[in-house]
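Hi,

Here is the structure I promised to pass on. Have a look at it first, and then read my notes below.

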Amino acid sequence: MRSLFLNTTSSFVNIAILEDNNILYNYEDKIINDASSKIMPIIYEGFNKINFTINDIDNIFVVNGPGSFTGIRIGVTVGKTIAWALKKKIIPISSLEFLATTQTSKKYIVPLIDARRGNVFAGIYDNNLNVIKKDSLINLELLIKDLNSDYSFVSNDEFDIENIIKPKVDILKIVGKHLTDLGVNPHNLNPNYLKLTEAEENLKND
C-alpha cells in the first residue's frame with residue numbers, strides 16, 4: 001500500500017510518501033510565503049527521489065483542519081485534485097489528532113492551535129489517539145481550568161502555560177490508525193475550519 005500524506009494547515013508543512021509501514025520520502029519544513037505554488041513541486045520532487053510516479057499511490061491522506069484558513073484550502077485543494085484526477089481514495093485527518101501523535105509521558109495529550117482573542121482549537125486524546133474530548137473552538141482559560149497533571153499540551157504556537165511541548169509528529173502512527181478508513185468522495189472533502197472566516201463573521205454581524 002502506497003500513500004501520499006499532506007499537511008499544509010500551518011506554516012509547518014508535512015508531505016510524505018509511504019509504502020506499507022515505511023516512510024520513503026518526508027518533507028517537513030516551514031513555508032512562510034506562497035505555499036500554494038510550492039506544494040506540487042515538493043510532491044513531484046519526492047516522487048522523483050524515490051523513483052515512483054504519482055500514479056503509483058493507492059490513497060491520499062489530507063489534514064483538513066482546523067488551522068490556517070489559507071493553509072487548509074491549499075492542502076484540501078491539492079489532495080482533491082490528485083484524488084479526482086487519478087481516481088484514488090482520499091482520507092481526511094484532523095490537524096489536532098496529528099499533533100497528538102507526539103509522544104509524551106502524560107496520560108492525555110491536549111493539542112492546541114491558536115485561534116486568537118484568547119481562543120484555541122483544541123481536543124483531548126489519549127496515547128492511542130482515542131478521542132477523549134472532540135476537536136472544538138474554546139477559550140484557553142476555560143479549557144485548562146479543569147485539567148490536572150495527567151495532561152500534556154502540544155503546540156507549535158507560543159502559550160504561557162505549564163506542561164507544554166513542541167510537537168514531534170508521527171506520520172506512521174496517524175496513517176496506521178486511519179489506513180482502513182473508507183475515505184470520502186473527493187468532491188465531498190471539505191475544510192474543517194471549526195469557525196467562521198473573518199468575512200463570514202462580518203457578514204453575520206451586518
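**Around Glu97**

Glu97 is buried, with a relative accessible area of 6%. By that I mean under 20% relative accessible area; exposed is over 50%, and partly exposed is in between (1.4 Å probe, protein chains only). Before going on, a word on the source: this is a predicted model, where local features need pLDDT of at least 70 and side-chain atom pairs count only at pLDDT 80 or more, while totals for chains, interfaces and linings use all residues. Residues are numbered from 1 along each chain as its sequence is written, and side-chain values use heavy atoms, with hydrogens and water left out.

So what does Glu97 form a salt bridge with? The partner is Lys177, and the closest N and O atoms are 2.7 Å apart. (A salt bridge is a side-chain nitrogen of Lys or Arg within 4 Å of a carboxyl oxygen of Asp or Glu.) This pair links distant parts of the chain, with Lys177 in helix α5 and Glu97 in helix α3 (residues 95–99), 80 residues apart. Helices (H or I, at least four residues) and strands (E, at least two) are DSSP runs, numbered from the N terminus.

His178 counts as buried, at 11% relative accessibility. Leaving aside residues up to four places away in sequence, His178 touches Phe61, Ile91, Ile93 and Glu97, where a contact means heavy atoms within 4.5 Å.

**The other salt bridges**

A search of the whole structure finds 4 salt bridges. One of them joins Arg2 and Glu19, with the closest N and O atoms 2.9 Å apart. Arg2 is in strand β1 and Glu19 in strand β2, so this pair ties together parts that are 17 residues apart in sequence. Arg2 is partly exposed, with a relative accessible area of 24%, and Glu19 counts as partly exposed at 24% too. Lys166 and Glu158 also meet through their side chains in a salt bridge (3.0 Å, N to O). Here Lys166 is partly exposed at 43%, and Glu158 counts as exposed at 68%.

**Cores and helix α2**

In soluble globular proteins, nonpolar side chains tend to be buried together. A nonpolar core is a set of buried Ala, Val, Leu, Ile, Met, Phe, Trp, Tyr and Cys residues joined through side-chain atoms within 4.5 Å. The largest one here has 27 residues, and Leu4, Ile43 and Ile60 have the most contacts inside it. β1 (2–7), β2 (12–19), α1 (35–49), β4 (59–63) and α2 (69–86) each supply at least two residues of this core. Its largest share, 6 residues, comes from α2. Apart from this core lies another, of 21 residues, among them Phe61, Ile113, Ala115 and Val154.

Which residues of α2 are buried? They include Gly71, Ile72, Val76, Ile82 and Ala83. The cover over the buried residues of α2 includes β1, α1, β4 and β5 (89–93). After α2 comes Lys87, whose phi is positive, near 55 degrees.

**The open sheet**

In the order β8-β7-β6-β9-β10, 5 strands form an open sheet with mixed pairing. Two strands pair if DSSP finds at least two bridges between them. β8 (131–139) and β10 (164–165) stand at the edges, each with a single partner strand, so one side of each is left without a neighbour in the sheet.

Strand β9 (residues 151–154) pairs with β10 in the parallel sense over 2 bridges. In β10, Ile165 is the bridge partner of Val154, and Ile164 is that of Phe153. Strand β6 (residues 108–116) pairs with β9 in the parallel sense too, over 4 bridges, and Ile109 stands opposite Ser152 in β9. From β9, Tyr151 and Phe153 point one way and Ser152 and Val154 the other way, and all are buried.

Cheers
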